[in-house]
Amino acid sequence: MHREVFAVEVIDVIRSVNNVLWGYVLIFLLCGTGVYFTFRLNFVQIRKFGVVCKNAFGGITLFGEKAGKEGMSSFQSLATAIAAQVGTGNLAGAATAIASGGPGAIFWMWISAFFGMSTIFSEAVLAQTYKEKDIDGQIVGGPAYYISRGFGSKGLAVFFAIAIIIALGFIGNMVQSNSISDAFQTAFNLPALYVGIALAILAGLIFFGGISRIASFTEKAVPIMALMYLIGGVVVLAMNVDAILPAIKMIFYGAFNPKAATGGIIGVGVKEAVRYGVARGLFSNEAGMGSTPHAHAVAKVKHPAQQGLVAIMGVFIDTFIVLNITAFVILTTGVLDGKTTGIALTQAGFTQALGGFGNIFVAICLLFFAFSTIIGWYFFGEANIRYLFGIKGLTPYRILVMIFIVIGSTMKVDLVWELADTFNGLMVIPNLIAVLGLAKVVSKALDDYDNDGMLKSSK
């Protein structure tokens with residue numbers, strides 16, 4: 001009894017910290033950074049969007065060249081980044097934002113993603129600029145490297161490395177495995193432990209295959225899972241085509257008058273719509289969090305800004321395609337009731353349209369989304385293990401991640417979710433300090449890219 005009371009008290013304390021961290025501090029810090037770089041880089045996400053598409057999809061293939069110590073292809077790097085970005089947040093995050101902040105929260109998700117594109121461009125440019133070879137001859141990079149080498153703070157780099165290993169490699173992957181086991185228990189009545197063990201074995205096969213197996217997996221899984229979810233979502237929207245325009249109106253009207261947009265079903269104000277939309281949007285697309293630069297650092301490109309432009313596409317796909325599908329399925333199927341939230345609300349939308357197959361469809365999509373996130377987050381953690389301990393830390397790290405996957409699949413994760421939010425927030429701060437401090441490097445890289453003829457050669 002005392003343990004249960006203590007656990008509840010601990011969760012309440014951590015939740016209070018997260019309410020301040022994600023409710024105020026990080027929203028202003030992340031959005032402020034996005035706004036700053038958007039103006040500093042002259043709206044790079046708009047004026048270069050044609051080049052973004054060409055660079056991102058020019059080399060798309062399910063069977064690209066084998067990645068190795070010299071890195072991976074630009075598309076494989078993008079696929080690895082998207083694997084991490086497109087996860088349970090795209091199925092549950094949008095639903096949570098709508099349930100907590102009303103349909104208008106989606107509008108604020110769009111706004112945060114738009115500005116986040118310039119932030120993620122900056123992160124990718126810095127990751128490319130300050131990448132290096134480790135003692136094993138492997139190309140490595142990411143925030144820890146540009147914080148220490150570029151910004152000149154070894155202490156902040158170590159703090160970031162520890163925070164991301166805990167946040168994503170360990171705690172975050174517990175959350176992902178729990179989401180999969182819950183969905184499969186609901187849809188197929190499979191024991192959570194068995195699901196967790198199977199996930200750990202499959203993940204381990206990829207972990208121990210190194211960068212080549214990770215790249216090979218993500219370049220195949222990401223296009224397939226995105227296309228599968230897109231098709232399912234389009235089918236639902238086609239069945240409810242008359243409700244699409246009213247849903248769009250609800251989003252824009254609800255951004256500034258949430259109560260009226262839902263007839264009072266969601267009793268929130270503009271403040272909540274902004275807060276939940278921005279926070280869930282940033283959490284989903286990971287712009288400014290310091291995670292995806294690890295994937296972009298190892299891309300084999302001729303110029304840092306080239307991969308920066310590719311990184312923009314990751315945010316676009318995450319928010320304006322995948323996350324929007326979830327939002328419009330919920331709003332067009334009429335399942336928003338002011339009570340149901342999270343993945344249950346998303347399942348309700350697909351079930352309303354597709355019947356019993358809806359639950360199965362969401363479970364399968366969740367498997368793809370969450371498992372690919374496990375692979376992406378493992379890879380980001382590995383880069384920081386290399387930074388802190390070198391190659392001798394890789395085997396213990398791989399085994400520990402597999403153990404956390406099994407543990408996560410079997411436990412109640414209220415505390416784990418809250419801890420994940422906390423450590424995710426903590427790793428944002430040193431990352432953005434360095435990104436803002438190295439703004440001149442980002443601007444110079446983009447100017448060089450524009451002026452040395454690479455832009456013309458990309459067209």
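By class, 14 nonpolar, 19 polar and nine charged residues make up the lining of the largest pocket; here Ala, Val, Leu, Ile, Met, Phe, Trp, Tyr, Cys and Pro count as nonpolar, Asp, Glu, Lys and Arg as charged, and the others, Gly among them, as polar. The structure is a predicted model, in which local features need pLDDT of at least 70 and side-chain atom pairs count only at pLDDT 80 or more, while totals for chains, interfaces and linings use all residues. Residues are numbered from 1 along each chain as its sequence is written, and side-chain values use heavy atoms, with hydrogens and water left out.

The largest pocket holds about 1200 Å³ of space. Of its 42 lining residues, Ala-92, Thr-96, Arg-280, Trp-417 and Asp-421 are the closest to the centre. Two or more lining residues come from each of helices H1 (2-40), H4 (74-85), H5 (88-101), H8 (154-188), H13 (270-285), H16 (342-354), H17 (357-389) and H19 (414-437). Helices (H or I, at least four residues) and strands (E, at least two) are DSSP runs, numbered from the N terminus. Grid points are joined across faces, edges and corners, and a volume is the space filled by probe spheres set on the points.

The largest cavity contains about 40 Å³, and its lining consists of Gly-172, Val-175, Gln-176, Phe-283, Trp-377, Trp-417, Ala-420 and Asn-424. H8 and H19 are the elements giving two or more residues to this lining, which by class has five nonpolar, three polar and no charged residues.

Helix H19 also carries Thr-422 and Asn-431. Thr-422 is buried at 13% relative accessibility, where buried means under 20% relative accessible area, exposed over 50%, and partly exposed in between (1.4 Å probe, protein chains only). Leaving aside residues up to four places away in sequence, Thr-422 touches Ile-14, Asn-18 and Leu-21, a contact being heavy atoms within 4.5 Å. From Thr-422 to Ala-243 the C-alpha distance is 38 Å, across 179 residues of sequence. Asn-431 is buried too, with a relative accessible area of 0%.

Beyond residues up to four places away in sequence, Asp-318 touches Gln-85, Val-86, Asn-90, Ser-284, Asn-285 and Leu-323.

Among the cysteines, Cys-31 is partly exposed at 22% relative accessibility, and Cys-53 is partly exposed at 27%. The model has zero disulfides, counted as pairs of cysteine sulfur atoms within 2.5 Å.

As for confidence, the mean pLDDT (the predictor's confidence in each residue, from 0 to 100) of the chain is 86, and 92% of its residues reach 70 or more. Helix H7 (residues 143-150) has the highest confidence, at a mean of 96, and helix H21 (residues 454-458) the lowest, at 47. Over residues 454-459 the pLDDT is below 50, and this stretch has 13 contacts in the model beyond near neighbours in sequence.

Methods. 1 Å grid on protein atoms, 1.4 Å probe; cavity = no way out; pocket = protein on both sides within 12 Å on 5 of 7 lines; lining within 4 Å.
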